[in-house]
Amino acid sequence: MKSRWGTAMAVTEGITRPAAGPQTAPPVRPGPGRSRAARLRELVIEVVLIASMMVIYQGIRHLADGQLGVAFRHADWVWEVERALRLPSEAAIQHWALSWGGTARLANLYYVGVHFPGTIAAMVWLWIRHRPDYLRMRTEMALLTGAALFVHVIFPLAPPRLVSSFGMVDTMILTGPSAYPDNSTDGVANQFAAMPSLHVGWALLVAIAVIRVGTSRWRWLALAHPALTVSVVVITANHYWLDGIVAGLLLVGAIRLLALRTRYPGRLPGQPLPSFSRVLL
């Protein structure tokens, strides 16, 4: 008959000493093994979120309609502030660039053909290869676009191509293609919402997202995209320097705000989305 002390030792050994024989960990279902319906549901959620952002943009932009006089007065003010800050003249930059044959059409093509397709391509790539970074970029874009919409409404601004006194050419009318309809208040884009430039803001965000996930030194080439975008929006007379500067400041604010609110841990491709994927924050 074992003593009470012997019984206690046996119980302790059973707890601290692994049992004999091979042990198997509980089966873990890998991310890619999830059902097709679950993966499709996550994709649909994201598509709905992005589409909702576009619908909201389409609706809110009309709040600035009918403020043409204010938009042109703001344009004069921005032009004077830039000259006071000794920023290069957009008109001088455009005249120099247009002295090279074909520059106007190339700039138009980049402005029209890279802004949305390039951003969407970057988001699709992040969704497939770097899911947490996709979620981060998507939410930063939502914050940036929301802040930009607020500025669009309270500070309508006519682009330099519509202000004849600035001496700039509307390259989209000159050579095409054009991103805007004949009526300045039609279409998805608000032509009197030049401040800030979402072309510049989104281009900067795409470059930052690529640099964050990249490991090669070639990732820094992504900075060519925002650099070209800044050049293009000036050459096409769609934006002022300050439009790009304000967009950059708003993007920094969006990135900092999200960094304070959420952490994005690394996950395997195909794993279920975290709970915050259902909302923007």
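Proline 177 sits in the loop that links helix H8 (171-174) to helix H9 (198-213), where helices (H or I, at least four residues) and strands (E, at least two) are DSSP runs numbered from the N terminus. The model is a predicted one, in which local features need pLDDT of at least 70 and side-chain atom pairs count only at pLDDT 80 or more, while totals for chains, interfaces and linings use all residues. Residues are numbered from 1 along each chain as its sequence is written, and side-chain values use heavy atoms, with hydrogens and water left out.

With a relative accessibility of 28%, proline 177 counts as partly exposed; buried here means under 20% relative accessible area, exposed over 50%, and partly exposed in between (1.4 Å probe, protein chains only). When its neighbours within four places in sequence are left aside, proline 177 is in contact with Arg105, Asn108, Leu109, Val112 and Met172, contact meaning heavy atoms within 4.5 Å. The C-alpha atom of proline 177 is separated by 9.6 Å from that of leucine 106, which is 71 residues away along the chain. The loop between H8 and H9 also holds proline 196, and the peptide bond leading from methionine 195 to proline 196 is cis, with omega near -10°.

The protein as a whole has 11 helices and zero strands. Of its 281 residues, 40% are buried, and the protein exposes about 15,900 Å², of which carbon and sulfur atoms supply 68%; these areas come from the Shrake-Rupley method with a 1.4 Å probe, and for residues only the protein chains shown count as cover. Among contacts between residues at least 6 apart in sequence, 83% join residues at least 24 apart.

Two helix pairs that share H6 (residues 115-129) can be described together. Their axes are lines fitted to C-alpha atoms, for helices over the stretch in contact, and angles run from 0 to 180 degrees between N-to-C directions. H6 and H9 pack at an angle of about 25°, with their axes 10 Å apart, which makes H6 roughly parallel to H9; angles under 35 degrees count as roughly parallel, over 145 as roughly antiparallel, 65 to 115 as roughly perpendicular and the rest as oblique. The contact involves His115, Phe116, Thr119, Ala122, Trp125 and Leu126 of H6, together with Leu198, His199, Trp202, Val206, Ala209, Val210 and Val213 of H9. By class, these residues divide into 10 nonpolar, three polar and no charged, where Ala, Val, Leu, Ile, Met, Phe, Trp, Tyr, Cys and Pro count as nonpolar, Asp, Glu, Lys and Arg as charged, and the others, Gly among them, as polar.

The axes of helix H2 (residues 36-60) and H6 come within 13 Å and cross at roughly 155°, so H2 is roughly antiparallel to H6. Here Glu42, Leu43, Glu46, Ile50 and Met54 in H2 meet Phe116, Met123 and Trp127 in H6, a contact of six nonpolar, no polar and two charged residues. Leucine 49 also lies in H2 and counts as buried at 17% relative accessibility.
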